[in-house]
Amino acid sequence: MYQSVFRPALFAGQVVVVTGGGSGIGRCIAHELAALGAQLALVGRNAEKLGAVQQEIARAGGLASSHVCDIRDEAAVKALVAEMLGRHGRLDALVNNAGGQYLAPLAGISAKGWQAVLDTNLTGGFLMARECFVQHMAEHGGAIVNMVADMWGSMPGMGHSGAARAGMVSFTETAAVEWAAHGVRVNAVAPGYIASSGMDHYPPEAAAMLRKMPATVPAGRFGNEAEVSAAVVFLLSPAAGFVSGSVLRVDGARPQVRPGMGPVAASAEVQQRRAVRAFDGFPLYQTPKVFQP
Ligand SMILES: CCCCCCC/C=C/C(=O)SCCNC(=O)CCNC(=O)[C@H](O)C(C)(C)COP(=O)(O)OP(=O)(O)OC[C@H]1O[C@@H](n2cnc3c(N)ncnc32)[C@H](O)[C@@H]1OP(=O)(O)O
Ligand SMILES: NC(=O)C1=CN([C@@H]2O[C@H](COP(=O)(O)OP(=O)(O)OC[C@H]3O[C@@H](n4cnc5c(N)ncnc54)[C@H](OP(=O)(O)O)[C@@H]3O)[C@@H](O)[C@H]2O)C=CC1
């Protein structure tokens with residue numbers, strides 16, 4: 001009889017770390033994995049938000065621990081992974097979901113502001129993955145999913161974030177190769193525009209711009225948190241046992257501009273021009289207050 005790899009208790013007995021598990025997409029991933037039998041270790045900087053998700057999971061019959069840590073702090077990340085191992089005894093998977101940025105044109109980003117975004121979206125993810133690997137997965141195997149973004153390299157106002165995400169894609173590919181012999185798979189999920197609490201971080205001036213965003217997506221709408229979570233669950237699951245070093249886009253077919261590809265490029269360029277026009281009226285091309293060279 002055929003046995004599907006998808007079962008209600010797909011992650012029973014496994015421990016999964018979710019950074020940024022206290023809000024938005026991370027919270028949704030945590031709920032999805034808990035419903036499939038995983039124990040969760042939730043990581044973030046805000047104890048209150050983490051505690052609330054921990055309680056929600058407990059109320060639904062699951063089990064989660066919460067851990068306050070700034071993933072940019074190397075010593076804190078080392079201690080965090082040791083603490084989680086002490087608490088749960090094993091770490092089967094890591095979802096490097098914590099991240100974010102602020103909107104600013106390249107010419108208006110200070111070195112400190114650039115570094116803050118690279119530290120959050122690249123170095124923090126590297127530190128988490130390295131410590132999970134060194135302290136546990138090198139010996140026991142595991143799966144890692146890095147949250148990147150589909151707009152690396154092509155979104156005005158997101159140049160710092162794009163650079164960090166492109167770096168994370170490179171890290172994903174290298175880690176997949178270096179750690180394969182240890183039974184560790186490493187993949188990335190690249191969301192497009194997702195309606196999540198993350199959007200609340202953008203200033204009120206961005207509201208008009210946000211309203212125009214769905215028109216720049218071929219699917220004609222924002223994605224939702226559950227659609228991103230499903231991609232993460234797939235990549236962590238045995239169904240993806242031979243998938244490593246890949247980037248799975250969850251972006252409603254948002255085209256990437258690739259010059260020299262005839263009709264494909266033409267269609268992508270039309271979408272790209274629409275996306276840039278969506279920024280009309282938003283002061284992206286002025287030097288922001290935070291950085292006056
Ligand atoms: C409107 C349409 C947008 C559509 C795009 C949708 C696609 C992407 C969506 C998402 O990613 S949603 C997730 C959003 N969530 C977040 O962004 C939350 C996490 N973000 C942050 O924590 C910050 O943005 C951060 C910069 C990554 C880290 O913040 P942190 O609080 O740790 O840094 P600070 O110490 O406060 O700042 C350091 C440095 O950074 C510069 N800076 C920070 N914020 C701004 C800002 N709003 N504008 C300009 N510059 C900023 C600044 O140089 C800071 O230095 P000082 O000013 O303190 O000297
Ligand atoms: N929503 C979207 O359209 C898209 C989102 N993404 C990415 O998906 C991920 C989740 O985004 P979303 O849920 O929308 O946004 P949220 O802002 O809700 O989530 C970001 C999470 O990251 C955590 N975090 C940020 N910095 C740190 C840090 N230094 N150390 C520890 N935790 C940190 C925050 O926790 P705390 O506040 O407790 O520190 C928060 O829970 C992010 O990486 C985001 O950039 C990518 C493309 C599109």
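These legends describe close-up views of a predicted model.

**View 1. Helices α1 and α2 cross.** Two packed helices are described by the angle between their axes and the distance between the axes. Helix α1 spans residues 24–35, and helix α2 spans residues 47–59. Their axes come within 10 Å and cross at roughly 25°. Angles under 35 degrees count as roughly parallel, so α1 and α2 are roughly parallel to each other. The crossing of α1 past α2 is right-handed.

**View 2. Residues join α1 to α2.** On the α1 side, the contact is made by Arg27, Ala30, His31 and Ala34. On the α2 side stand Val53, Glu56 and Ile57. By class, this contact has four nonpolar residues, two charged and one polar.

View 3. Strands of a sheet pair through backbone hydrogen bonds, either parallel or antiparallel. Here the pairing is parallel, and the strand order is β3-β2-β1-β4-β5-β6-β9. β3 (63–68) and β9 (247–250) stand at the edges. Each has a single partner strand, so one side of each is left without a neighbour in the sheet. From one strand to the next, the twist averages 20°.

**View 4. Strand β6 pairs with β9.** Strand β6 covers residues 184–191. β6 and β9 are joined in the parallel sense over four bridges. Ala188 stands opposite Val247 in β9.

**View 5. Helix α7 packs on the sheet.** Helix α7 is made of residues 225–236. Helix α7 touches β1 (15–19), β4 (93–96), β5 (142–147), β6 and β9. The direction of α7 makes about 165° with that of β6.

Note on methods: Residues are numbered from 1 along each chain as its sequence is written. Chains are lettered from A and ligands numbered from 1 in the order in which they are written. This is a predicted model: local features need pLDDT of at least 70, side-chain atom pairs count only at pLDDT 80 or more; totals for chains, interfaces and linings use all residues. Side-chain values use heavy atoms; hydrogens and water are left out. Axes are lines fitted to C-alpha atoms, for helices over the stretch in contact, and angles run from 0 to 180 degrees between N-to-C directions. Helices (H or I, at least four residues) and strands (E, at least two) are DSSP runs, numbered from the N terminus. Angles under 35 degrees count as roughly parallel, over 145 as roughly antiparallel, 65 to 115 as roughly perpendicular and the rest as oblique. A crossing is left-handed if the near helix is turned anticlockwise from the far one by less than a right angle, and right-handed if clockwise. Contact means heavy atoms within 4.5 Å. Ala, Val, Leu, Ile, Met, Phe, Trp, Tyr, Cys and Pro count as nonpolar, Asp, Glu, Lys and Arg as charged, and the others, Gly among them, as polar. Two strands pair if DSSP finds at least two bridges between them.
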